[in-house]
Amino acid sequence: NPLAKQAAAQVMNQLLEHGYRAHMVGGAVRDRLLQREVSDIDVTTSAKPAEICGLFKRTHQMNTEHQTVLVRIGEMHIEVTTERGLSLAEDLASRDFTINSMAQTLEGEIIDPYNGQEDLTQKIIRSFSPEDRMDEDPLRMLRAIRFCSELSFLIDRTLLEVIKQKAPSIQHVAGERIVTEWDKLLSGSNIQQAFHYLNETELYSYLPGLHMSIDEIERLKSIPKLQDLDSVNRWVLYFLWIKKPSHSAAQGLPLSNETKTQIKSRLTLFEYREQHPLTDWVLFQSGLSVVRDVEQLRRFFQMTTMNDQLLQEKWESLPIHSSKELKISGRDLMENRKIPSGPWIKEELEWLLRLVISRSITHSKETLLDAIERRRNDEK
Ligand code: ATP
Ligand code: MG
């Protein structure tokens, strides 16, 4: 991304001009060397957060364990962090893996004290002094496996032994941090190898928030690549693969409520569709995006031949697309029937909606009122 690169150069320039050190570090250096797309650019500097804030117009101090300031340049933002340990060498020493412990100057020179470039060529995830590294932050054990999934690398034997030995210590890591890494792990192209490692090290059994069993990890070793799905659908397929029922799947996960709702609605519809056809009513109630995702997952399992085009046509041909479009409201029903509001309103509205969606009635206020009055009389 040339814009991000330009923004990073601008940030580094400004810091250097004011006499501070500034280096691009971590994932951005690694991904550039691998010629992968760079997702976000981290800059490390000798400037303190307050000094960083003083140098740029639009900044935001982040509440992380590190002293990080988000600097916005146009549409881009660059994470600028004060060097941990107050020197570049100490900062690089505090990073997790050799491939993440490289820095790059504004001129493009690579600083690589732990031979990260060699490990990039050999496709190895390795830590310098792995026992200390994993003790400092047990999340790194999961990060090792997530990078293996994303980059199709193998984990160095020594590091793998350390992970086996220290696996239980990941229990105390915050669930939110686990889930962020898990999300990236699921999006990787080497996902099967990642589950193999999780099994081999038994790390899977200690992951807070995920509660995985031995049966599940066995199943996951044959999960297909999920990289073409978005995050919500990756979670959905993950749960389908381990056969977690929809009501319990996303429950205890430290994800946002919105994400959990999206996962749950897809799992619920998927389960429903195993027994029932896709009627106009189901389409209307679930909404196009949920149905589209579920049908995509069903195609994945070769359970349907319904394609997006067909679905789109089916959707467009619905008489209405939201209950707000119904030509009658709860208030209309109340005025018409002259009794206080209650659950009966919702029930009558739904009955009318069903008539409209199934095209059993012309959709006008009079016909709807007529229909509901006839129904009330029939019930008497
Ligand atoms: P991604 O491409 O997914 O952003 P990344 O390597 O940039 O990968 P981040 O989580 O963004 O990963 O972290 C940026 C850098 O910060 C890493 O490359 C690594 O050097 C360092 N880092 C992040 N988390 C840790 C950690 N838990 N322990 C040690 N170093 C870390
Ligand atoms: Mg990053």
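In the predicted model, V25 has A103 of strand 6 as its bridge partner. The two strands concerned, strand 1 (residues 22–25) and strand 6 (residues 103–104), are paired in the antiparallel sense over 2 bridges. They belong to an open sheet of 7 strands, in which the order is 3-4-5-2-1-6-7 and the pairing is mixed. Strand 3 (59–61) and strand 7 (110–111) are the edge strands, each pairing on one side only.

Strand 3 and strand 4 (residues 68–73) are joined by a hairpin through 6 residues, and their antiparallel pairing extends over 3 bridges. Within this pair, H60 stands opposite L70 in strand 4. L70 also has a bridge partner in strand 5, namely E79. Strand 4 and strand 5 (residues 76–82) run antiparallel and are joined by 6 bridges. The hairpin of strand 4 and strand 5 has 2 residues between the strands, and in this hairpin G74 takes a positive phi near 60°.

Most residues other than glycine have a negative phi. Positive values in residues other than glycine were found for L86, with phi near 65°, and for K338, with phi near 60°. L86 is placed in the loop between strand 5 and helix 4 (88–93). L86 counts as exposed because it has 10 C-beta neighbours inside 10 Å, the limit for an exposed residue being 12 or fewer. K338 is placed in the loop between helix 18 (330–337) and helix 19 (343–357). K338 has 6 C-beta neighbours inside 10 Å and therefore counts as exposed.

Helix 18 also holds L333. L333 counts as buried because it has 20 C-beta neighbours inside 10 Å, and burial requires 20 or more. Leaving aside neighbours within four places in sequence, the contacts of L333 are I328, I345 and E348. Of these, I345 is 12 residues from L333 in sequence, with a C-alpha to C-alpha separation of 7.0 Å.

The domain assignment divides the chain into domain 1 (1–119), domain 2 (123–227), domain 3 (229–318) and domain 4 (324–379). The centres of domain 1 and domain 2, taken over C-alpha atoms, are separated by 26 Å. Contact between these two domains involves 6 residues of domain 1 and 10 residues of domain 2. The side of domain 1 that touches domain 2 comprises 3 nonpolar, 1 polar and 2 charged residues.

The largest nonpolar core has 62 residues, of which I125, A144, C148, I170 and L203 touch the most other members. Helix 7 (residues 139–151) gives the most to this core, contributing 7 residues. Another core lies apart from it and has 22 residues, including A8, A28, I41 and L92. For L203, the contacts beyond four places in sequence are M141, L142, I163, A167, I170 and L198. One of these contacts, I170, is also listed with L203 among the residues of the largest core that touch the most other members.

F195 is placed in helix 10 (residues 191–201). F195 is buried because 23 other C-beta atoms lie within 10 Å. Not counting residues up to four places away in sequence, F195 touches I217, L220, K221 and I223. The C-alpha atoms of F195 and K221 are separated by 5.3 Å, although the two residues are 26 residues apart along the chain.

Conventions
Residues are numbered from 1 along each chain as its sequence is written. Chains are lettered from A and ligands numbered from 1 in the order in which they are written. This is a predicted model: local features need pLDDT of at least 70, side-chain atom pairs count only at pLDDT 80 or more; totals for chains, interfaces and linings use all residues. A nonpolar core is a set of buried Ala, Val, Leu, Ile, Met, Phe, Trp, Tyr and Cys residues joined through C-beta atoms within 7 Å. Helices (H or I, at least four residues) and strands (E, at least two) are DSSP runs, numbered from the N terminus. Two residues are in contact if their C-beta atoms, placed from the backbone, lie within 7 Å. Two strands pair if DSSP finds at least two bridges between them. Domain bounds come from an automatic or database domain assignment. Ala, Val, Leu, Ile, Met, Phe, Trp, Tyr, Cys and Pro count as nonpolar, Asp, Glu, Lys and Arg as charged, and the others, Gly among them, as polar.
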